[in-house]
Amino acid sequence: MARPTQRARTLSQNFLTDRATADRVARLAAPDGRRPPLLLEVGAGQGALTEPLARRSRELHAYEIDPRLVPGLRSRFSGIPHVRVVAGDFLAARPPRTPFSVAGNVPFSRTADIVDWCLTAPGLTDATLLTQLEYARKRTGDYGRWTLLTVRTWPRHEWRLAGRVSRYGFRPAPRVDAGILRVERRRTPLLSGVAHRSWQDLVELGFSGVGGSLHASLRRAHPRRRVDAAFRAARLDTGVLVGEVAPARWLRLHEELAG
């Protein structure tokens, strides 16, 4: 039988032990005065985050993939009617049709899949996730660079780095610190319909790397004079690297080139 530390490594488990961090994540996921109607927790583990989430939610579904942890969770929260401990893989769950929020201490090795699940769930209003700090910084532009995923989804989702957490707030301690990532679905999309489809085409072309620069890539689909004018309107140098262009500048490029 695998020892607890071996199981933790296999399932990419780093259990949250810092109570202040748990309370902070719970406040972000369910702010005072706004309890989400339904809150899903990713990876309940030993319940450190489940407890403050339970205090701030109307209905909480806590998912745990490790069957050895489920009995303890169910015993711990058996007296709280609105908490349901779900044994199984969160990624196998069907997204609710009604509005819901997601929170959790995400297994680092499964972060990308969990974020993708959230982004494609129509009913998701927001997600508050503990991830590797590097992942959270990359996705939110904290390095001064922006990724394709963030820019492509920006008209419908806002990405924000909501805090940093020391690796020593987990057991076993991971090799790197963690970040609190907030992804919020905009109530009113910045673009929709045909405009959103043209946005995705523009962003995909820009990040394609074809031509050796963003300016050159966009010239493959638009006349040079229009690309030059769009760069001037967005206050971008023609030699700018694609990752250095913030979403707001992309919106200006789209405004100039989509017409």
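Where pLDDT is low, the predicted coordinates should not be read in detail. Residues are numbered from 1 along each chain as its sequence is written, and side-chain values use heavy atoms, with hydrogens and water left out. Because the model is predicted, local features need pLDDT of at least 70 and side-chain atom pairs count only at pLDDT 80 or more, whereas totals for chains, interfaces and linings use all residues.

The protein has eleven helices and nine strands; these are DSSP runs numbered from the N terminus, with helices (H or I) of at least four residues and strands (E) of at least two. Its C-alpha atoms fill a box of roughly 65 × 35 × 30 Å along the principal axes. Of the 259 residues, 48% count as buried, meaning under 20% relative accessible area, with exposed over 50% and partly exposed in between (1.4 Å probe, protein chains only). Among contacts between residues at least 6 apart in sequence, 64% join residues at least 24 apart.

Seven strands form an open sheet with mixed pairing, in the order S4-S3-S2-S5-S6-S9-S7; two strands pair if DSSP finds at least two bridges between them. Strands S4 (83–87) and S7 (157–165) stand at the edges with a single partner strand each, so one side of each is left without a neighbour in the sheet. From one strand to the next, the twist averages 20°, with axes fitted to C-alpha atoms (for helices over the stretch in contact) and angles running from 0 to 180 degrees between N-to-C directions. Strand S2 (residues 39–42) and strand S3 (residues 60–64) run parallel and are joined by three bridges, and Leu39 has Leu60 as its bridge partner in S3.

Helix H5 (residues 111–120) lies across S2, S5 (100–105), S6 (124–132), S7 and S9 (178–185), and runs at about 170° to S6. Helix H6 (residues 133–140) also packs on the sheet, touching S6, S7 and S9, and its direction makes about 145° with that of S7.

Rings of Phe, Tyr and Trp (its six-membered ring) pair if their centres lie within 6.5 Å; planes under 30 degrees apart count as stacked, over 60 as edge-to-face and the rest as tilted. By this rule there are five aromatic pairs. The ring centres of Tyr63 and Phe90 are 5.5 Å apart with planes at 85°, so this pair is edge-to-face. Tyr63 lies in strand S3 and Phe90 in the loop between S4 and S5, so the pair ties together parts 27 residues apart in sequence. Tyr63 counts as buried at 11% relative accessibility, as does Phe90 at 4%. Phe90 also forms a tilted pair with Trp117, at 4.4 Å centre to centre and 50° between the planes. Trp117, in helix H5, is buried too, at 9% relative accessibility. Ring pairs link Tyr63, Phe90, Phe100 and Trp117 into a cluster.

Notes: Contact = heavy atoms within 4.5 Å.
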